[in-house]
Amino acid sequence: MRLSRIIMALTVGLAVVAVPTAAGAAQPQPTPSATTDPPQPPPYPPAAASLTVNRPTIFLGETVVLTGTGFGPNETVDISVTVTPLAAPAAGKAPARRSDGTTVAMAPVAYQASAPLTFTAYTNAQGRFTKSYKPSVTGLLTFTATGRESGRTATTELRVLHRKQPLPVTGDSIGTPMKLGGGLVGAGAIMVLLTLAWRRRQRFGGAAH
């Protein structure tokens with residue numbers, strides 16, 4: 001009888017201790033999302049910059065307009081120019097030749113260039129700029145624009161050609177003016193002979209009267 005009372009007392013004690021533990025377990029626990037900042041939206045990639053020319057091919061001495069977009073607002077943009085000769089012969093190939101057989105002399109770019117190969121432009125509030133440029137060298141020009149603050153960069157190309165020279169005067173082209181001149185000389189000689197004949201007739205006719 002005494003043993004059963006001891007067992008009952010232990011059972012009641014364990015039940016009393018287990019009640020607070022069960023109550024704590026039943027309460028909702030805070031989730032990690034409730035104690036942290038709300039999730040941020042994914043970052044968007046920066047806007048792509050672009051650089052264009054109003055004419056892809058020009059003759060030496062003409063001017064083009066560079067237009068840049070997508071750069072930072074009110075930003076300084078550095079522009080560099082790289083020149084590649086167009087008529088440079090490929091490895092193992094003969095240099096270009098004229099129709100008369102003479103070779104085309106290629107002057108080094110360093111001696112031809114007088115237009116700046118580095119210059120700057122300034123964007124407006126929308127990140128756009130325009131800049132005029134007059135090349136002083138023929139070849140394939142590659143423009144690279146880089147924003148100082150944004151770091152955005154863009155490139156474009158321009159072909160600068162020599163102006164076409166007038167064709168040389170050939171034998172066929174000389175022949176026509178010479179034929180025309182010869183005809184005029186012949187017509188002039190006939191007119192002189194007719195004038196002399198008319199004067200002679202007038203003179204002898206007057207003597208007869």
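Author: A residue is called buried under 20% relative accessible area, exposed over 50%, and partly exposed in between, with a 1.4 Å probe and protein chains only. This is a predicted model, in which local features need pLDDT of at least 70, side-chain atom pairs count only at pLDDT 80 or more, and totals for chains, interfaces and linings use all residues. Residues are numbered from 1 along each chain as its sequence is written, and side-chain values use heavy atoms, with hydrogens and water left out.

Reader: What share of the residues of the chain counts as buried?

Author: The chain has 209 residues. It exposes about 15,900 Å², with 63% of that supplied by carbon and sulfur atoms (areas by the Shrake-Rupley method with a 1.4 Å probe; for residues, only the protein chains shown count as cover). The share of residues that count as buried is 18%.

Reader: What pLDDT does the chain average?

Author: pLDDT is the predictor's confidence in each residue, from 0 to 100. Over residues 102-113 it stays under 50, while 49% of the residues of the chain score at least 70. The chain average is 74.

Reader: In what order do the elements of the chain run from the N terminus?

Author: Helices (H or I, at least four residues) and strands (E, at least two) are DSSP runs, numbered from the N terminus. The chain has four helices and eight strands. Their order is α-α-β-β-β-β-α-β-β-β-β-α.

Reader: With which residues is isoleucine 79 in contact, leaving aside its neighbours within four places in sequence?

Author: Contact means heavy atoms within 4.5 Å. Isoleucine 79 is among the residues with the most contacts inside the largest core. With those neighbours left aside, its contacts are Leu117, Thr118, Phe119, Ala121, Phe129, Phe143, Thr144 and Ala145.

Reader: Which residue forms a salt bridge with aspartate 78?

Author: A salt bridge is a side-chain nitrogen of Lys or Arg within 4 Å of a carboxyl oxygen of Asp or Glu, and the structure holds three. In this one, the N to O distance is 3.0 Å. Aspartate 78 lies in strand β4 and its partner in the loop between β7 and β8, so the pair ties together parts that are 70 residues apart in sequence.

Reader: Which residues are linked in a network of salt bridges?

Author: Glutamate 62 forms a salt bridge with arginine 55, with the closest N and O atoms 3.0 Å apart. Glutamate 62 also forms a salt bridge with arginine 163, at 3.6 Å between the closest N and O atoms. This second pair links distant parts of the chain, 101 residues apart: the loop between β2 and β3 and the loop between β8 and α4 (171-208). The linked residues are Arg55, Glu62 and Arg163.

Reader: Is arginine 55 buried, exposed or partly exposed?

Author: Arginine 55 lies in the loop between β1 and β2 (57-59). Its relative accessibility is 33%, so arginine 55 counts as partly exposed.

Methods. A nonpolar core is a set of buried Ala, Val, Leu, Ile, Met, Phe, Trp, Tyr and Cys residues joined through side-chain atoms within 4.5 Å.
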